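Keep the structure in view and follow along as we go.

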Amino acid sequence: MFTNKANRIFQEVIEKYHILNTVDQPFENAYPKDALIEHLLYRKCWIDTVQWHFEDIIRDPKIDPVAALKLKRQIDASNQDRTDMVEYIDSYFLEKYKDVTPKANATINTESPAWGIDRLSILALKIYHMNEEATREDASAEHRAACQKKLSVLLEQRVDLSTAIDTLLKDIENGDKYMKVYKQMKMYNDDELNPVLRSQK
């Protein structure tokens, strides 16, 4: 199943990141570009992992305002990278299934395969960090128990989401579903579409 591979790669990324555990560490993809989907999945989860920790840092109530503004710009750039990677992953699937002829009664899904994979990557991060909290020795027994319950739900959610993604891919392969990808038309980064940026030109 495709998601077995994806979940394994996401775990690799998260464990690799936490060796140094800093947002400033250099990135090196463990998979070459000729292993395209593995390469894309690894990069996607690395972006998500760094951004997860950006989001932790910016919530520090004592953060310096200048540092916070710089970090907000980094989060904006990371969000754009994340969106771009989703589109690259969908392009991979569009190419893979380009010769499939959808059946006459084929339907479209509410989200593309890559946006489901995006959720799976974020879920891997939730599971990793909830497990940390469920096993944190300096936390109270009540805290650990509460986090263990949440972890159980997250693990069940990963099974359900993985099953849904694999089913969608099989349905596309069989012609029961078809892909139609809309590029993200973000307006706030565009100096022609964002009135604030446009006024600065």
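Start with helix α1 (residues 2-20) and helix α4 (residues 113-134), which pack at an angle of about 50 degrees with their axes 10 Å apart. That angle makes α1 oblique to α4, since angles under 35 degrees count as roughly parallel, over 145 as roughly antiparallel, 65 to 115 as roughly perpendicular and the rest as oblique. Axes here are lines fitted to C-alpha atoms, for helices over the stretch in contact, and angles run from 0 to 180 degrees between N-to-C directions. Helices (H or I, at least four residues) are DSSP runs, numbered from the N terminus.

This is a predicted model: local features need pLDDT of at least 70, side-chain atom pairs count only at pLDDT 80 or more, and totals for chains, interfaces and linings use all residues. Residues are numbered from 1 along each chain as its sequence is written, and side-chain values use heavy atoms, leaving out hydrogens and water.

Now turn to helix α2 (residues 36-58): α1 packs with α2 at an angle of about 45 degrees, their axes 9 Å apart. This makes α1 oblique to α2 as well. Which residues meet here? On the α1 side they include F2, I9 and Y17, and on the α2 side L41, W46 and H53 are among them; contact means heavy atoms within 4.5 Å. By class, the contact of α1 with α2 has 13 nonpolar, 3 polar and 4 charged residues. Ala, Val, Leu, Ile, Met, Phe, Trp, Tyr, Cys and Pro count as nonpolar, Asp, Glu, Lys and Arg as charged, and the others, Gly among them, as polar.

Notes:
Helix = DSSP H or I, 4+ residues; strand = E, 2+ residues; numbered from the N terminus.
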